[in-house]
Amino acid sequence: MEKIVPVIPIRDGIIFPSTDSVLTFGRPRSLAALESSFAHERVVTFVLQKNARLNEPTEEDLYEIGTLSHIERMIRSDGEINAQVKGLSRVKILSYEPHDSFLLARVIELPDEIADSEEVKALCNHLTNQFRKAINLGKSVDFLTFMNIMSENSPSELSDLVASVLDIKPVGKQELLEIANVKERLEKITEILTKELKVLDLERKIASKTQERFEKGAREVMLRERLKTIEKELGEGDEGGEIKELMDKIKKAKMPEDVEAKAKKEVSKLAQMNQFNPEAGYIRNYVDWLIGLPWSVESKNNVDVKNAEQVLDDDHYGLKKVKERIVEYLAVHKLAGKKMKSPILCFVGPPGVGKTSLGKSIARALGRKFVRVSLGGIRDEAEIRGHRRTYVGALPGRIIQGIKDAGTKNPVFMLDEIDKVGVDFRGDPSSALLEALDPEQNSGFSDHYLEVSFDLSDVMFVTTANMLDTIPPALRDRLEIITFAGYIQEEKYRIAKDFLIKKQMEAHGLTTKRIIVKDEAIKFLINHYTREAGVRSLERQLATIFRKVARMIAEGRTAKVIVSEKIVSKFLGPIKYRSTLIEKVDEVGMSTGLAWTEAGGDILFVEVALMAGKGQLTLTGQLGDVMKESAQAAMSYIRARAKQLGLAQNFYQKMEVHIHVPEGAVPKDGPSAGIAITTAIVSALTKIPVSRKIGMTGEVTLRGRVLEIGGVKEKVIAAHRAGLKTVILPKENKKDLEDVPKEVIRDLKFVFVDHMDEVLGVALTKNLKKERLAQPMEVEHPVLHAPQPVPAD
């Protein structure tokens with residue numbers, strides 16, 4: 001039968017038929033519906049909202065199936081109404097009637113589909129038993145509801161009563177409300193209650209285990225307290241087995257007196273604490289760190305100087321100055337003993353030249369343990385000095401951790417990439433390193449976590465960096481800088497032949513019976529497939545060749561491979577780099593300069609073209625500021641010496657000078673191309689060719705003086721490789737030829753100059769008239785000393 005009754009939305013609850021509930025209402029429309037219903041038939045329909053957050057739901061926001069309920073009683077208080085309601089029956093909303101104050105709907109009752117059968121009775125009995133089990137496992141249900149469920153009920157009433165207390169979401173209860181078939185409803189409720197039973201059983205087991213652990217812990221605490229009391233009465237002290245063990249370890253560690261006193265104080269504090277006190281774990285961890293540090297353990301130094309020198313030579317080719325410094329340290333240590341303080345070395349050089357691996361060799365040569373810590377990207381001071389013990393999870397810094405890992409107080413400690421330490425709001429790690437890397441202070445290095453001093457004076461610190469510019473001056477002042485130059489081609493050849501090939505053979509399971517690498521192939525590989533200061537790329541290219549050879553042998557295509565230049569090209573593809581060679585003929589307006597790069601030395605050509613114009617100087621070839629200034633200084637020198645060079649005083653007013661350095665994609669900078677630029681301009685102006693067999697390097701001043709430059713070794717080797725016969729160098733660079741290989745010096749002629757006139761006299765194929773090369777004019781110009789060049793020097 002259809003009825004028109006008020007409709008009240010419910011946010012998150014379901015009223016089932018045959019159940020009593022107490023609800024609180026506060027929304028205006030709900031209050032109006034209740035007042036109207038209570039004044040007449042006291043019948044209202046409760047419907048679940050689809051979205052509980054809506055404060056004023058519309059007809060579309062409500063489900064179609066609800067519960068027709070009777071209002072038993074109401075209590076009004078502070079703008080709210082507490083109502084006791086009883087569910088009567090399921091209803092379906094057919095349509096909503098217009099009303100201003102509240103929702104009014106036409107509803108029809110939905111009768112239960114009941115089938116009296118043995119199966120339904122069995123379901124009812126099973127559901128009742130399951131509900132009783134749930135109560136025994138701790139399900140929370142008020143006593144009145146429990147008694148109602150346990151009483152004699154029809155299948156429909158039983159299903160609704162149990163559904164009302166199920167621990168499921170409102171949407172799930174709505175689904176149960178919408179099931180008219182009693183048998184289906186009983187089956188669904190039984191399924192949900194069975195899952196709930198499993199959860200209740202699991203919760204009970206967890207609670208039981210927790211209780212057991214708690215009781216066991218409480219019992220242990222009680223017994224320990226009794227044991228302490230008994231020991232005190234017997235006068236046997238208050239240390240348990242663990243406390244005695246820690247005290248024994250402290251004695252064996254042979255700590256300094258102040259450290260031992262600190263450790264014993266912490267152990268005494270630990271003995272007073274309950275083992276469940278969180279601070280007990282922190283103290284135990286702190287004492288373990290103090291005990292674990294090698295306060296008195298040190299490696300016995302290898303004082304055999306010749307053996308140490310042999311170890312260094314076996315591991316690394318070249319690096320003469322570095323090896324000498326290590327051997328000198330060992331010799332002084334042998335004579336001075338404990339009086340000598342360990343040096344703080346800093347290896348500076350491009351990547352791949354062996355800085356890190358040399359640290360391992362030093363440790364092997366000295367017979368010490370080796371520890372390596374990478375500082376790249378570290379921005380937190382606590383990484384160096386540790387966190388204070390007040391922080392949860394605090395630990396000592398990297399230095400103390402490394403010392404503990406080494407197990408000795410005098411390891412070789414490598415701080416890698418010290419130039420890449422960052423700074424942010426957490427502090428400056430490089431400043432924290434000042435104490436550790438100062439021989440005058442590191443005997444009392446203080447870590448925030450330890451809170452006691454640790455002696456680092458016996459540690460040999462070795463740091464590495466790719467550049468010095470990013471290292472703070474205060475830290476740089478504490479370091480003994482040893483510069484690693486890039487390897488020249490001959491050195492790379494020796495390293496590949498004596499070290500890398502053997503290493504790659506072993507790594508790829510090959511022997512000399514299966515592969516032979518020709519010397520020509522090694523040099524071809526170095527010159528045309530690598531362009532670097534170190535040998536990392538060279539090792540990778542060798543690994544590529546060895547992998548391909550290993551595959552050929554594994555597939556049975558060959559039993560032995562002889563690696564020649566042809567095989568290198570086949571395996572690695574087309575040539576990647578070509579060496580610059582000298583020109584075929586002498587040309588006007590072109591000179592040959594010498595350049596330094598991180599990958600070694602190279603030659604570069606300076607080209608000059610003259611055109612009609614108004615005295616403009618054009619510079620191209622991606623030149624840096626210093627190199628541009630060198631070109632301007634060269635032009636000013638030539639203008640000042642125009643008469644001596646046989647040029648008109650105003651020659652520059654009617655022409656434009658264009659200076660270009662080829663390979664425009666490669667940045668170039670530095671003052672060392674000064675004399676090459678000056679020579680090329682003079683050649684273009686006087687129409688006298690420059691000898692193609694002469695290479696030159698040197699900085700030129702406005703007065704024509706030739707100043708000292710750097711990178712002589714790399715530049716001279718590049719000149720030799722390119723086929724030059726004569727090299728012009730500043731006189732002050734004569735001392736630098738000591739580092740150049742003898743076979744290179746033997747094949748070249750060196751001309752040392754201190755003035756530009758001497759350069760022109762040698763470089764030009766025809767001599768300028770003697771009156772042209774008179775003494776330089778006394779021109780009042782300041783001499784600017786540019787900084788040491790980067791790529792072109």
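Author: First, a term: buried means under 20% relative accessible area, exposed over 50%, and partly exposed in between, with a 1.4 Å probe and protein chains only. This is a predicted model, in which local features need pLDDT of at least 70 and side-chain atom pairs count only at pLDDT 80 or more, while totals for chains, interfaces and linings use all residues. Residues are numbered from 1 along each chain as its sequence is written, and side-chain values use heavy atoms, with hydrogens and water left out.

Reader: What share of the chain is buried?

Author: Of the 793 residues in the chain, 46% are buried.

Reader: And how many helices and strands are there?

Author: The chain has 25 helices and 24 strands. Both are DSSP runs numbered from the N terminus: helices are H or I with at least four residues, strands are E with at least two.

Reader: What is the radius of gyration of the chain?

Author: The chain has 46 Å, whereas a compact globule of 793 residues would have a value near 28 Å. The radius is taken over C-alpha atoms, and the globule rule is 2.2 Å times the number of residues to the power 0.38. Along the principal axes, the C-alpha atoms fill a box of roughly 135 × 90 × 70 Å.

Reader: Let us turn to the backbone. Which residues other than glycine have a positive phi?

Author: Arg 42 is one of them, with a phi of about 60°, and Glu 417 is another, with phi near 55°. Most residues other than glycine have a negative phi.

Reader: Where do Arg 42 and Glu 417 lie?

Author: Arg 42 lies in the loop between α1 (28-39) and β3 (43-48), and Glu 417 in the loop between β9 (412-416) and α15 (429-436). Arg 42 is partly exposed at a relative accessible area of 30%; Glu 417 is also partly exposed, at 24%.

Reader: Is β3 enclosed or open?

Author: β3 is largely enclosed by the rest of the structure, because 6 of its 6 residues are buried. On one side are Val 43, Thr 45 and Val 47, on the other Val 44, Phe 46 and Leu 48, and both faces are covered. In a regular strand the side chains alternate between the two faces of the sheet.

Reader: Which strands pair with β3?

Author: Strand β1 (residues 2-10) runs parallel to β3 and is joined to it by 4 bridges, with Ile 8 bridging to Phe 46. Strand β4 (residues 65-77) pairs with β3 in the antiparallel sense, also over 4 bridges, and there Thr 45 has Leu 68 as its bridge partner. Two strands pair if DSSP finds at least two bridges between them.

Reader: What does Val 563 touch?

Author: Leaving aside neighbours within four places in sequence, Val 563 is in contact (heavy atoms within 4.5 Å) with Ile 515, Ile 516, Val 517, Lys 518, Ala 521, Ile 545 and Val 568.

Reader: Changing topic: how many salt bridges are there?

Author: The count comes to 40 salt bridges, each a side-chain nitrogen of Lys or Arg within 4 Å of a carboxyl oxygen of Asp or Glu.

Reader: Which partner does Glu 260 have?

Author: Glu 260 forms a salt bridge with Lys 264, with the closest N and O atoms 3.1 Å apart. They are separated by about one helical turn because they are 4 residues apart in helix α8 (residues 257-271).

Reader: And what does Arg 364 pair with?

Author: Arg 364 forms a salt bridge with Asp 315, at 2.8 Å between the closest N and O atoms. Arg 364 lies in helix α12 (residues 355-366) and Asp 315 in helix α10, so the pair ties together parts that are 49 residues apart in sequence. Arg 364 is partly exposed, at 49% relative accessible area, as is Asp 315, at 25%.
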